[in-house]
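Please keep the sequence and the model in view while working through the numbered points.

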Amino acid sequence: MRGMCEPMTDADKRERIIAAAYQVLSEKGYDKASTKEIANSAGVAQGLINYYFPSKDQLFAEVFRRETRKYCEALTPLLPGERQDSLTSDAIAKLLELPKSRAFQEPDWFRLRYELFAIGLRNENAADTLKETLEIKRKYITDSIESISGFPREQCETIAALLYSMIEGLGLQRVADPDFKYDEAYDMVADMLSAYYDRLIKKKEP
């Protein structure tokens, strides 16, 4: 553990800035979040933020890269360690529990993601960040499906795109409408995926 009086390294300072930016961006949104407020939250000089991140767009991008990787890392322990000949609805529901619960536990993160989607569609500087985060998530889901099922890569990519779209779409509806039947929708997704998975497994059999 770093001592109380030991100076922070560049990596420490950068990490504190990114963590503070995540909190401020989640609470205030992209347009209202200022580097001054982020600096105050991080306990660093505002000029230090400009040193590490010359623009707010770059800091915004780094926040999303960091959180996207953390999210994927949190999912990894939930995955089966070997290929599965069958996946029940309950097993799939367990795999979906983390993305499902995040809409309850971190609604601000979902709001910030949807803000990124909107900004990326109208701001060229944010467009690359949007594309990158979508690609990271799709690739992770694709890799996971491939390791569990052994299905062809192209097929896994298609399933991943559909599954990711459902996760994002259900999260949006839950955050926007607290009365949305979120649990029922996720139960239906688990049933559909289980049936589809079994169907594909049977098609693989000689």
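1. In which helix does Asp57 lie? Asp57 belongs to helix α4, which covers residues 56-75. The model is a predicted one, and the remarks below should be read accordingly.

2. A salt bridge requires a side-chain nitrogen of Lys or Arg within 4 Å of a carboxyl oxygen of Asp or Glu. Leaving aside residues up to four places away in sequence, Asp57 touches Tyr30, Asn123 and Asn125.

3. Glu62 pairs with Arg14, and their closest N and O atoms are 3.9 Å apart. Glu62 is classed as buried because its relative accessible area is 14%, and buried means under 20%. Arg14, with a relative accessible area of 31%, is partly exposed.

4. How many salt bridges does the model contain? The count comes to 16. One of them joins Lys139 and Asp143, whose side chains meet at 2.9 Å, N to O. These two residues stand 4 residues apart in helix α8, so about one helical turn separates them. Lys139 is partly exposed, at a relative accessible area of 48%, and Asp143 also counts as partly exposed, at 29%.

5. Some salt bridges share partners, and in this way Glu15, Arg66, Glu67, Lys70, Arg102 and Glu106 are joined into one network. Within this group, Arg102 forms a salt bridge with Glu106, the closest N and O atoms being 3.1 Å apart. Arg102 is buried, with a relative accessible area of 8%, whereas Glu106 is partly exposed, with 30%.

6. Helix α8, which spans residues 124-149, also holds Leu134. Is Leu134 buried or partly exposed? Its relative accessible area is 22%, so Leu134 is partly exposed; the limit for a buried residue is under 20%. Not counting residues up to four places away in sequence, Leu134 touches Phe117 and Tyr164. Leu134 and Tyr164 are 30 residues apart in sequence, and their C-alpha atoms are 8.9 Å apart in space.

7. The final point concerns the surface. Which residues form the negative surface patch? The patch consists of Asp90, Glu184, Asp187 and Asp191. Helix α10 (residues 182-204) gives the most to this patch, with 3 residues. Asp90 is placed in helix α5, which runs over residues 89-95. Asp90 is exposed because its relative accessible area is 65%, and exposed means over 50%.

Terms used. Residues numbered from 1 in each chain as written. Predicted model: local features only at pLDDT ≥ 70, side-chain atom pairs only at ≥ 80, totals over all residues. Heavy atoms only, no water. Patch = residues over 30% accessible without salt bridge, like charges linked within 9 Å, V, L, I, M, F, W, Y side chains within 5 Å. Areas by Shrake-Rupley, 256 points an atom, 1.4 Å probe, with all protein chains shown as cover. Lys, Arg positive; Asp, Glu negative; His and termini not counted. Charge placed at Lys NZ, Arg CZ, Asp CG, Glu CD. Buried < 20%, exposed > 50% of the residue type's maximum accessible area, 1.4 Å probe, protein only. Contact = heavy atoms within 4.5 Å.
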